[in-house]
Amino acid sequence: RPLPSLTEGVVSLALIDPDDAPLAVFEISGGSTGDGFAALADGRAEIVLADRDLTMAERALLLERGLGDLSAPERRRLVARRELSLFAGSAAEKVPSLPAAQLPAVLSGDITSWAALGGEDVPINPGVLAEKTGALEARVAGLTGLGEPFALSVKELASEGEAESFLNGDPGALVVAQSALPLGQRIGLSGACNRGIVDVLDEAADPLRLDLWAYTAAPRLSDIARAFLVFATGPDAQRVVDRAGFLDKRPRPVPLGAQGIRVAQAVLSVETAGDLEALQSALSRLSGLERLSVTFRFEEGDAPILTGLSESEARILASLIDSGAFDGQSLLFAGFVNSAVDGEIGRRLSEAQARVALEAVQAATLTRFDRVEMLAQGMGALFPLACDDTGWASQVNRRVEVWLGPGPVPID
């Protein structure tokens with residue numbers, strides 16, 4: 001129930017029991033992600049919803065204030081997802097996609113003309129909704145391997161209406177927005193090597209996908225705040241997430257037959273008879289299965305250590321197993337490495353990654369995890385998502401996918 005608020009910019013909501021008695025009052029204030037972390041550090045907030053990771057400076061401040069390491073898995077929970085999209089003016093009409101590796105150069109002003117990307121000889125004029133500038137800087141930093149937000153050279157737009165006017169008035173405009181704009185051409189990000197096929201990155205690999213996290217002020221978190229977090233990050237809240245215009249956390253299945261471009265790109269990447277045999281074996285194994293939109297990735301380094309996001313993905317998948325969503329079915333954890341490690345060594349390393357992801361899901365499962373058959377398979381450097389010419393691309397290719405089948409999955 002809404003309550004009158006005594007503070008400007010703060011929304012107050014009361015949680016009421018069946019007898020109309022108040023159980024708790026939630027005070028919700030808006031602002032930037034940086035404002036939220038500052039409020040957490042100052043004791044003015046218990047929970048912060050953020051669509052980017054902590055910067056090193058924010059992490060140090062919170063450690064200094066005695067709040068511990070908020071980047072630890074137990075201190076943040078994945079709530080929902082949302083995608084940032086690219087919309088371009090008429091000068092990009094002949095640009096089917098923008099290579100992900102070139103996005104930082106476009107947004108920093110190093111690439112200045114659409115002609116360099118296959119479009120008209122018109123200056124690129126990038127803009128972003130002001131409220132998403134920080135999130136975009138953090139996402140682009142991931143493409144460059146920087147630990148801090150990447151400095152952009154973009155026009156900040158106050159509203160979607162201003163973004164539409166910006167697109168309508170400049171043929172060279174490139175707008176980054178989080179919802180569909182009726183004006184302008186939507187441009188996907190491509191990642192795979194250019195061998196005659198344009199491969200637009202899927203949801204799991206898209207570097208502009210935003211993950212909405214709930215960071216907590218534990219150990220000072222109140223009981224009602226803990227209960228709220230359990231609800232907000234659980235399956236019962238997903239209907240609300242959908243209605244709010246976000247993507248819920250439930251993995252969406254994609255049949256192998258719907259991934260023609262991806263398969264064709266893998267065929268074009270084959271260089272030896274041994275590679276062709278391995279690809280044929282992999283396609284035979286995946287035939288009849290559906291790839292879930294969940295993907296596990298790893299921290300930089302030789303050891304297969306799951307990222308914080310992937311640890312959250314493991315808990316999400318485990319909760320679905322607990323709910324019975326996959327009863328009587330099978331989950332194949334397919335591991336992949338980048339092209340720097342190929343052959344039998346690559347297959348063994350990719351299988352080790354697959355086992356790490358599988359065991360993380362089993363560890364997070366509260367019920368008997370054998371109600372679903374789970375198997376690990378290493379597939380080496382097959383099915384690359386991007387050329388291994390940047391650190392980001394190598395990290396994208398080093399992954400574990402999850403494939404859903406109707407029954408036991410044959411495995412060598």
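The backbone oxygen of T216 lies 2.7 Å from a polar atom of the side chain of R75, a polar contact in the sense of a pair of N or O atoms within 3.5 Å, where within protein one atom must be able to donate a hydrogen and the other to accept it, and where residues adjacent in sequence count only if both atoms are side-chain atoms. The table sets this pair beside a second one.

| Backbone oxygen of | Distance to a polar atom of the R75 side chain |
|---|---|
| L67 | 2.5 Å |
| T216 | 2.7 Å |

These values belong to a predicted model, in which local features need pLDDT of at least 70 and side-chain atom pairs count only at pLDDT 80 or more, while totals for chains, interfaces and linings use all residues. Residues are numbered from 1 along each chain as its sequence is written, and side-chain values use heavy atoms, with hydrogens and water left out.

R75 lies in the loop between α2 (56-64) and β5; helices (H or I, at least four residues) and strands (E, at least two) are DSSP runs numbered from the N terminus. R75 counts as buried because its relative accessibility is 8%, and buried means under 20% relative accessible area, exposed over 50% and partly exposed in between, with a 1.4 Å probe and protein chains only. Leaving aside residues up to four places away in sequence, R75 touches several residues, including G68, D69, Y215 and A217, where contact means heavy atoms within 4.5 Å.

Strand β5 also belongs to an open sheet of three strands in the order β4-β12-β5, with antiparallel pairing; two strands pair if DSSP finds at least two bridges between them. The edge strands, each pairing on one side only, are β4 (47-50) and β5 (76-83). β4 pairs with β12 (residues 209-216) over four bridges, and A50 stands opposite W213 in β12. Helix α1 (residues 33-41) lies across β4 and β12, running at about 165° to β4, with axes fitted to C-alpha atoms, for helices over the stretch in contact, and angles from 0 to 180 degrees between N-to-C directions. Helix α10 (residues 308-322) touches β5 and β12, and its direction makes about 95° with that of β5.

Elsewhere, β2 (residues 10-16) and β3 (residues 22-29) pair in the antiparallel sense over seven bridges. These two strands form a hairpin with five residues between them, and D20 in the turn has a positive phi of about 70°.
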